[in-house]
Amino acid sequence: MPASILKQGAYLIASIQSALTDAEVIQLQDDLVEQVGKFRSRGVILDVSGLDVIDSFGSRTLHSIAVTTKLRGADSVIVGIRPDVAFAIVQLGLGLEGVHTALDLEEGLAFLNRMGEGGRRGG
Amino acid sequence: MAQSDAPVTSLAQAPEIDFSLLRELVAHLRERRAHLREEWVRRITEAQLLAAMTSDEIFSEVTAVYDNYVDALETGSVETLQAYARDLSERIIPRGVETHEVLGIVLLLRDVLARSLFEKYQADPDLLNRILDAYEPAANRIAVTVGVSFVEERERVIRQQQEAIRELSTPVLQVRERLLILPIIGVLDSLRARQLTEQLLTAIRRNRARVVVIDITGVPAIDLTVANHLLQTVKACGLMGADVIVTGLSSEIAQTLVTLGVELGSIRTTGDLQGGIEEAERLLAYEVIRAGEPERNPER
């Protein structure tokens with residue numbers, strides 16, 4: 001399985017080590033959405049640093065994972081997009097608008113922590 | 001004349017040249033060297049060519065070219081002349097000598113020599129015809145050689161300079177932890193824009209940058225392609241978790257962008273570099289406080 005989901009406190013970390021087939025991408029989405037409910041997670045981190053290509057299906061799924069987990073109550077952030085991949089995504093117009101991104105896992109965790117604080121203060 | 005279609009690399013291969021005649025006219029040109037050389041210089045000055053050079057310089061170059069030219073006529077090999085023409089071009093290109101001047105000079109020499117031959121063999125039209133038959137193709141080939149050498153040399157210089165510009169064009173500098181500055185100076189074409197993006201994205205990853213300030217004070221103009229590229233760069237930086245602040249948009253560029261309808265609404269901009277850095281410090285939660293009066297120079 002090229003994608004593993006780890007539970008880290010209130011967060012889930014999905015780490016994608018190598019290119020996924022379309023079926024595996026959908027499997028990952030299903031697993032994540034289910035586990036967010038099961039563990040009552042507050043945040044999801046998608047680590048794509050293992051990917052050297054992200055195609056339109058991949059980016060659409062990343063987008064829909066972000067939106068679905070949000071509906072289930074977890075913020076999500078995509079981390080580890082490589083420089084060339086980042087530019088390819090933009091050039092192909094595969095907008096990841098509305099999806100949070102961060103440099104790496106550490107930044108992603110910091111981002112979720114900030115979101116959590118903001119949420120508590122706001123609520 | 002089927003052979004004449006084949007590429008001719010040296011004069012000796014050209015079948016139409018009569019070598020005994022060629023030798024004769026070379027002897028004539030050697031004999032009249034001093035006079036013809038002066039005549040040539042006079043014609044060059046008259047035509048106001050080589051204005052960038054002094055008359056002494058012109059004279060010494062002219063002597064060398066004349067001798068090389070006659071040698072090339074005699075031996076039928078243009079290689080020495082070619083090498084000399086390259087060398088000469090290398091010396092005169094930085095002084096602003098133009099292609100039309102070089103071609104003009106070589107054609108002038110061709111005319112001066114032809115006229116001298118005409119004078120000498122005037123009495124015998126038949127011999128004159130044969131001499132010119134031998135002279136003209138050789139002279140033409142020499143003119144082409146010199147012209148091509150000059151243009152090639154110029155292209156080589158241009159390529160070299162482009163390479164140099166590309167190398168020194170875009171430094172990405174870290175001014176605080178997690179804050180990068182990219183000052184862009186000079187015209188942005190799409191090749192340079194692409195290179196810049198690559199460097200910036202790699203630097204973001206290497207320095208773990210959170211904020212990037214792109215300063216385009218030194219950019220005189222931007223076209224639609226480059227503006228869109230800049231927009232894409234900003235988005236790509238966003239995907240890597242870095243905020244971008246663009247500073248120093250001149251009023252011309254700002255108006256162009258608005259006229260072109262580039263959607264810059266999504267980009268954070270400030271007026272000058274200082275404002276950009278202050279904004280970046282705010283984003284990174286830095287607070288810069290002056291610790292007292294500025295220090296005086298201790299030596300005074």
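A residue is called buried here if 20 or more other C-beta atoms lie within 10 Å of its own, exposed if 12 or fewer do, and partly exposed in between, with C-beta atoms placed from the backbone. The structure is a predicted model, in which local features need pLDDT of at least 70 and side-chain atom pairs count only at pLDDT 80 or more, while totals for chains, interfaces and linings use all residues. Residues are numbered from 1 along each chain as its sequence is written, and chains are lettered from A and ligands numbered from 1 in the order in which they are written.

Helices (H or I, at least four residues) and strands (E, at least two) are DSSP runs, numbered from the N terminus. Helix 1 of chain A takes in residues 22-39, 18 residues in total, and its first and last C-alpha atoms are 26 Å apart. That is close to the 26 Å expected, a span worked out as 1.5 Å times one less than the number of residues. Buried in this helix are A:Val25, A:Leu28, A:Leu32 and A:Val36. Down the axis of helix 1 of chain A, the buried residues fall within an arc of 65 degrees, so they line one face of the helix; the arc is that of the directions from the helix axis to the C-beta atoms. On the other side of the helix, A:Ala23, A:Asp30, A:Glu34, A:Gly37 and A:Lys38 are exposed.

A:Thr69 belongs to helix 2 of chain A, and it counts as buried because it has 23 C-beta neighbours inside 10 Å. Leaving out residues up to four places away in sequence, the contacts of A:Thr69 include A:Leu32, A:Val33 and A:Val36, a contact being two C-beta atoms, placed from the backbone, within 7 Å. A:Thr69 and A:Leu32 are 37 residues apart in sequence, yet their C-alpha atoms are 7.8 Å apart.

Then there is the meeting of the two chains. In it, 12 residues of chain A are in contact with 12 residues of chain B. On the chain A side, helix 3 (83-91) and strand 5 (100-102) are the elements that give two or more residues, and helix 3 of chain A has the largest share, 6 residues.
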